[in-house]
Amino acid sequence: MIRFVNVTLVYPYVQRTIFENLSFDVPEGEFVLVMGDTGAGKSTLLKLMNGLVPHHTGGIFSGTITVDGHDTALHKPRDLVDVIAIVGQNPALGFVTDTVEEELVFGMESLGVAPDVMRKRVEDMLDLLALAPLRNRKLSSLSGGEAQRVAIASVLTMNPKILLLDEPTSALDPIAAEEVLATLSRLVHDLGITVVIAEHKLERVLQFVDRVIYVREERSVAVGLPHEIFKDSELAPPIIQLSRALSNKQVPLTVRDARRQLSEFASSLRPIDRLDTSKEQDESAPLLQIENLTVKYGSKTALKNISLTVKTGEIVAIMGRNGAGKSTLLTSMVGIREFDTGSILVARQDPRKLKGKALISLVGFVPQEASDLLYAQSVGEELRNSDSDNLVASGTTSELFAQLLPGIDSSVHPRDLSEGERLSLVLAIVLANKPPLLVLDEPTRGLDYQAKKRLVSAVRSTVTSESAVILASHDVELVAELATRVVVLAEGEVVADGPAADILTSSPAFAPQVAKVLAPAKWLTVNEVLASLERE
Amino acid sequence: MMRTEAISQFLRSGILSSAILASASFIGLIAFTWPLFIAAENDGAARWLFIALMPVIAVITIIELTAGQMNVKMLAFLGVLSATGAALRAIGAGAVGLEPIWFLIIIGGRALGRKFGFLLGLITMLASALLTGGVGPWLAFQMMCAAWIGWGAGALPRITRLTEVRRVKQFFEIALLATYGALTALLFGLLMDLQLWPWIASPSSTIAYIPGGDVIENVQRFMVFHLATALAWDIPRAIFNGILILFLGRPILNSLSRAMRRGNVVIDRVHAREQMVV
Amino acid sequence: MTDVKTLHPLAWWGWGICLAIASSRAQGVGALGLIIIAASTVAFSRKSNDPWSAALVIGIKISLVALTLRMFIAILFGVPGQGKVLFTIPRVRLPEWMAGILLGGDVTLERIRFVFTESLTIFALIIAIAAASSLANPKQTLRTLPGILHEAGVALIIATTLIPHFAMSVRRIRQARTLRGDQQRFGFKKTLVPLFEESLEHALVLAESMEARGYGRNPSRKVSSAPAVMLLLGLVALLFALLQLVIGASFQLPLLASALLVVSGLIIGNKQNLRTRYRPIPWRRNETFVMISSIVLIVISGFTTNSMVALALLVLTLTPLLVTSREVNPS
């Protein structure tokens with residue numbers, strides 16, 4: 001279906017080879033996963049498949065790519081819409097119109113499809129992707145998962161044979177991600193569409209996948225069946241890491257496989273004995289105190305009567321569906337949102353009343369769009385600005401940045417950094433003042449495993465006996481790795497609050513893979529299991 | 001055979017389109033300035049004719065610049081930049097017309113070329129009026145004026161010969177744009193006031209235009225009118241525009257050219273070559 | 001006919017433009033006042049809670065400002081005349097380079113009455129357009145544009161959809177700024193640079209998304225230059241007409257010729273469009289009814305006002321009330 005023959009790609013402005021002599025085949029009707037580190041070229045590979053690269057972006061290209069017999073060098077992407085379709089990383093940015101129904105017909109209208117045919121296809125797509133109740137909704141009012149499904153429907157109306165998706169679940173909560181992936185799997189099984197997706201969160205997609213394209217750091221590409229690739233790949237989801245660590249020969253692709261393979265091991269494993277940290281923390285001082293907080297947007301209540309105390313030394317993860325009120329809670333506690341009733345005290349001060357230096361030396365906040373904090377023309381200028389904004393000795397921020405992420409050229413424009421690098425930069429700026437309370441909103445969007453590892457160690461090292469970290473995240477595995485305590489929000493209320501191990505293992509949606517495999521024992525991560533084995 | 005080919009080539013060369021824009025702009029200019037030199041016989045008709053004519057002229061220029069002329073990137077840039085401009089208008093310091101909207105039209109026209117600047121002016125004004133309820137008889141006049149400002153920013157000379165030093169060149173460019181921004185802000189105020197003149201200055205006042213009267217005297221009368229009504233607003237706006245461009249012009253121009261490079265955006269070839277030189 | 005919530009957007013615009021023409025023809029305070037009151041009644045009782053509905057209030061404010069300014073100028077810079085003197089402002093003569101214009105003098109009742117009547121025309125004109133623009137959904141208006149305006153329509157749809165989005169981005173970025181310890185009130189650089197970067201990134205993604213959905217596969221114009229040539233000829237004819245106008249000669253014939261050329265150029269250009277429209281907004285009997293009554297309104301507005309004419313004006317302006325009902329969006 002998709003055939004690459006000796007494909008080489010060079011971007012003129014980056015002056016480095018993206019791919020060299022790439023050849024592979026993707027058969028028809030399969031669910032294909034493209035995996036690899038950020039910057040390894042996953043998105044570029046997808047865009048090569050439908051010709052956006054190089055037709056749209058430029059670049060020096062040689063070799064041949066054919067999709068369903070069409071040479072992409074000879075056809076522009078717009079001429080291939082009935083063969084191959086692509087949905088970008090953030091589908092909401094690609095919406096042209098205002099409402100769901102208009103978005104679905106946008107492509108067909110400009111192609112001149114007959115009105116009665118359009119009508120029929122729209123109804124078909126609304127049914128296929130379960131969008132019928134949303135047909136008149138404003139696109140701006142859709143949740144992430146709904147927007148993703150609308151974006152898929154808007155390209156499927158052109159009847160393509162291949163569907164490409166760039167990180168379709170990276171911004172979604174686990175439940176919405178599951179829905180989108182199930183929909184994609186149905187497209188493969190019922191309609192015979194070839195689906196190719198690029199994804200970081202392997203644990204989410206692996207169970208659906210027929211074939212894997214592995215783009216390695218050194219830009220060599222391996223293509224194969226999942227159990228071949230995952231035998232020795234550097235990237236692997238937790239269950240495979242666990243299975244490898246126990247030198248199991250088979251590669252488990254689903255939690256069910258792993259449970260079967262590891263049932264014996266699971267029963268032989270001693271029950272976990274976590275250090276009981278709650279006593280220690282009872283003595284430590286409360287850093288953040290929220291009492292009866294209620295926030296309303298017009299008639300809609302975003303947060304209802306929240307009370308929460310965070311003590312020093314804690315790493316608290318706030319979890320919950322999109323729209324559960326996580327961001328509202330975080331922005332309230334850093335003092336940039338007005339609220340109706342209740343009180344918030346950070347180290348006995350109301351953050352709303354603080355400004356400038358006083359505020360930022362108390363709380364550090366990394367917003368969801370981390371780059372909102374960046375405005376300089378180069379990394380070096382940004383770091384210098386940070387020193388003067390924070391009123392700290394010059395060089396402080398750049399020293400911090402070098403610790404978080406060594407070896408970045410300071411003349412680079414901040415927007416040219418990768419997502420993970422940009423996050424490190426913002427983190428360095430925020431941490432320059434050593435605020436006792438660090439608040440992170442969805443820090444892992446678009447981060448690969450390595451960037452996540454760096455984030456984990458950076459966060460761990462900031463938490464001392466005087467400080468605490470609060471983060472909102474959908475990333476179950478990250479939370480399992482990092483958090484000491486988990487708070488689950490639903491419809492603006494706290495529905496669960498407790499030690500990470502208890503909360504994560506008791507909820508089916510938020511359980512990490514290891515917990516699912518080794519249930520009912522409350523293991524969370526591979527490292528935990530291995531550490532306990534070593535102790536024996 | 002040769003001849004028809006030559007003709008069709010001539011037609012496609014853009015001269016036709018420039019001629020349409022030029023004559024539309026000339027008509028637009030008359031629509032602003034007619035009170036200064038209108039004959040007494042047709043005074044009553046002119047009032048209503050021009051207010052009806054201006055929207056038609058604006059639509060014709062939009063059609064000429066868009067229909068079949070736009071590639072998908074230009075269209076996306078046009079939509080997004082005019083939305084940004086209109087959003088800036090909403091957050092401007094408000095009351096005295098300190099609107100960063102001009103800033104964007106000038107920078108956009110500078111970075112993306114004359115014709116794009118023209119279009120950006122038209123669409124930014126229209127989109128922001130449509131959404132925020134600013135539609136009225138004055139809208140088409142504002143659109144044309146914004147279009148000229150955008151066009152002019154693209155048409156300003158590029159400093160290539162003066163010096164070889166990049167920093168100096170860049171400084172001169174920004175200084176030029178800032179001056180241009182301040183002057184056009186004054187000009188905009190003047191033209192919009194001129195358009196209001198026949199409506200606001202009642203014929204029974206001593207600062208109204210005299211149909212069929214002496215042009216010089218009409219100009220003097222208008223200047224008094226302008227002094228009495230809008231000049232106080234125009235001067236702070238001009239200063240604000242200039243300062244905004246002086247401080248923000250460089251980073252925003254850089255952002256634009258970076259985005260164009262990354263997105264491989266080619267707006268028109270002649271312009272692209274100029275861009276490479278700077 | 002009660003199932004109709006709102007009219008076709010072009011019908012609203014047609015109604016508004018007819019009102020504007022009628023108010024340009026109407027004589028006397030009574031007729032103009034009726035049109036103003038009736039148009040605002042329709043707009044106030046039928047407007048939704050969308051942002052563009054603010055047009056009416058904005059229109060009223062602007063016309064009030066215009067009215068006041070006009071009165072003020074007429075009083076301050078009055079031409080001396082006969083009549084009952086209300087009060088007197090000391091006379092000042094401006095210097096010669098300002099044309100020696102006279103300031104102040106007697107203010108007569110007649111002058112104030114005359115200027116007020118004149119000003120009402122402008123008031124009515126602005127209200128008519130504002131009423132239409134507060135009632136016609138701009139996004140639906142864009143959907144009804146002919147094919148030749150398709151690209152412009154798409155750009156406008158993108159723009160109008162993104163304006164609220166960017167306005168929100170501005171708020172978000174400003175919040176973020178306080179979290180870098182910034183205390184400046186405006187701080188344009190720290191707001192505008194991130195906003196710009198975001199919007200440019202948005203533009204690139206949008207372009208890709210449109211390309212990948214087949215946009216631009218059918219160009220809307222390329223086949224011939226005939227329409228453009230006709231447009232140019234039309235504009236040249238128009239220039240000639242305006243020249244005649246300015247020098248005081250008869251301009252009607254060249255104006256008509258130019259209108260014919262421009263319209264036929266646009267129609268031919270429009271025929272080259274190959275796009276289709278999904279579920280176009282229907283034009284029903286109600287719309288036709290409103291249009292016919294609006295055209296009758298134009299005719300009647302030229303008559304001298306008496307009670308019959310006034311009643312007719314009122315009823316005809318209010319016709320949209322008969323065929324629509326209030327639409328409130330669940331926001």
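In the predicted model examined here, the accessible surface of chain B amounts to about 10,400 Å², and carbon and sulfur atoms contribute 67% of it. Of the 278 residues in chain B, 63% are buried. Among contacts in chain B between residues at least 6 apart in sequence, 77% connect residues at least 24 apart.

The interface between chain B and chain A was then considered. The size of an interface is often expressed as the accessible area lost when the parts come together. For chain B and chain A, about 790 Å² is buried between them, with 47% of this area on carbon and sulfur atoms. Nine residues from chain B and eight residues from chain A take part in the contact. Three residue pairs in polar contact are found across the interface of chain B and chain A, and the count of salt bridges between these chains is one. That salt bridge is formed by the side chains of A:D416 and B:R258, with an N to O distance of 2.7 Å. On the side of chain B that touches chain A, the elements giving two or more residues are α4 (72-91) and α10 (231-262) of chain B. The largest share of that side, five residues, is supplied by α10(B). By class, the side of chain B that touches chain A comprises two nonpolar, three polar and four charged residues.

Over all chains, the whole structure contains 34 salt bridges. In chain A, A:E123 pairs with A:R119, their closest N and O atoms being 3.5 Å apart. Both residues belong to helix α4 (residues 115-128) of chain A and are separated by four residues, about one turn of the helix. A:E123 is partly exposed at 24% relative accessibility, and A:R119 is likewise partly exposed, at 34%. A:E123 also forms a salt bridge with A:R135 (2.7 Å, N to O). Because A:E123 lies in helix α4 of chain A and A:R135 in the loop between α4 and α5 (144-156) of chain A, this pair ties together parts that are 12 residues apart in sequence. A:R135 is buried, with a relative accessible area of 19%, under the 20% cut-off for burial.

A further salt bridge joins the side chains of A:R485 and A:D497 (2.9 Å, N to O). A:R485 lies in strand β18 (residues 485-490) of chain A and A:D497 in strand β19 (residues 493-499) of chain A, 12 residues apart. A:R485 is buried at 11% relative accessibility, whereas A:D497 is partly exposed at 38%. Finally, salt bridges with shared partners connect A:E101, A:R119, A:E123, A:R135 and C:R279 into one network.

How values were computed: Residues numbered from 1 in each chain as written. Chains lettered and ligands numbered in written order. Predicted model: local features only at pLDDT ≥ 70, side-chain atom pairs only at ≥ 80, totals over all residues. Heavy atoms only, no water. Buried < 20%, exposed > 50% of the residue type's maximum accessible area, 1.4 Å probe, protein only. Contact = heavy atoms within 4.5 Å. Areas by Shrake-Rupley, 256 points an atom, 1.4 Å probe, with all protein chains shown as cover. Buried area = accessible area lost by both parts, 1.4 Å probe. Salt bridge = Lys/Arg side-chain N within 4 Å of Asp/Glu carboxyl O. Polar contact = N/O pair within 3.5 Å; in protein donor to acceptor, adjacent residues only side chain to side chain. Nonpolar A, V, L, I, M, F, W, Y, C, P; charged D, E, K, R; others polar.
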